[in-house]
Amino acid sequence: MIDFTKRQKEIMNILTKHEPITAEQIAEMLGVSKGTLRSDLAVLVMTGHIEAKPKVGYFLSKNVNQTNQHDIWKQTLVKDIQGVAVTVKGTTTVNDAVISLFLEDVGTLIVVDDNNQLEGIVSRKDLLKVTLGNPQAASMPVQLVMTRQPKVYTISPDQNVYEAAKMMVYYEVDSLPVVKHTDNSRAYKVIGRITKTNIVKALINMGSEVQHKGES
C-alpha cells in the first residue's frame, strides 16, 4: 500500500472532478507553482494512478495495471537516468557560485573536496539569503553558507527511481546528489545527481514507448 502525501491526495481529488486537466491548472487550484508539482505528479504517474497525454493533460488511470506500473519504476535504477553533477569547491566564492547557477541553469550546486567527495550543497535560496543587504557576501566562500554533510540528503546509484521521487517529495528538494561509499565509511564520492527534470523526462520517454507499442 502506498502512502500519498496530502498534496498528492488533493491532486487526485482535483482530477476526479476536473479531468483532463493540465499541470498549470492543477497548480493554480492548489495555489502553488507548476514546478512544485513535478515530483508529486511523477510519483502518481509512476504508481499508475494517473496518466498524462501531450496537449491533453492529466487524468485518472482506468485501464492501467497499477502494480505493474509500480514494479517498472522499482526496477528502474537511479544510475539509469541520473545526470552529471554540477559541483564547486568549498573555497568557491558566492559570486562565482551564483554565476555557475546561471551558466548551468540549476537550482543547487554540490560542494566537493579535491577528491570529489561530498562536503555539502548550496542552493539558490542559500545564496540569495546571504547576499541580500550584504555587500561583502560576494567574496565569501560557499563553505560558510552551504548545508554540510551529513545533513545532505543523498541517494545511491543502485536505489530505484521510485525511492528518489519519494525522497524529493518528502524532503521538499528539487534534486539529490548521487553518491557511492569510499574506503572512509563516513565519506561519499559524488558521481552524479538526479533531479525532478530527470524523472519527468524518463516518464515522458516511457510513455512514448508504451504508446508506440500500443500502436504497433
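Trainee: What is the bridge partner of valine 111 in β5?

Mentor: The partner of valine 111 in β5 is glycine 120. Please keep in mind that this is a predicted model, in which local features need pLDDT of at least 70, side-chain atom pairs count only at pLDDT 80 or more, and totals for chains, interfaces and linings use all residues. Residues are numbered from 1 along each chain as its sequence is written, and side-chain values use heavy atoms, with hydrogens and water left out.

Trainee: Why are β3 and β6 called edge strands?

Mentor: The open sheet has four strands in the order β3-β4-β5-β6, with mixed pairing. Strands β3 (87-89) and β6 (147-148) each pair on one side only.

Trainee: Which helix packs on this sheet, and which strands are touched?

Mentor: Helix α7 (residues 124-131) packs there, touching β5 and β6, and its direction makes about 70 degrees with that of β5. Contact means heavy atoms within 4.5 Å. Axes are lines fitted to C-alpha atoms, for helices over the stretch in contact, and angles run from 0 to 180 degrees between N-to-C directions.

Trainee: Why are α2 and α3 called roughly perpendicular?

Mentor: The axes of α2 and helix α3 (residues 34-46) cross at roughly 110 degrees and come within 9 Å. Angles of 65 to 115 degrees count as roughly perpendicular (under 35 is roughly parallel, over 145 roughly antiparallel, the rest oblique), and the two helices are therefore given that name.

Trainee: Which residues make this contact?

Mentor: Ala23, Glu24, Ile26, Ala27 and Leu30 of α2 meet Lys34, Leu37 and Leu41 of α3. These residues divide into six nonpolar, no polar and two charged.

Trainee: Is glutamate 24 buried, partly exposed or exposed, and how do you know?

Mentor: Glutamate 24, in helix α2 (residues 23-30), has a relative accessible area of 45%. Buried means under 20%, exposed over 50%, and partly exposed in between (1.4 Å probe, protein chains only), so glutamate 24 is partly exposed. Of the 216 residues of the protein, 41% count as buried.

Key: Pairing = 2+ DSSP bridges. Nonpolar A, V, L, I, M, F, W, Y, C, P; charged D, E, K, R; others polar.
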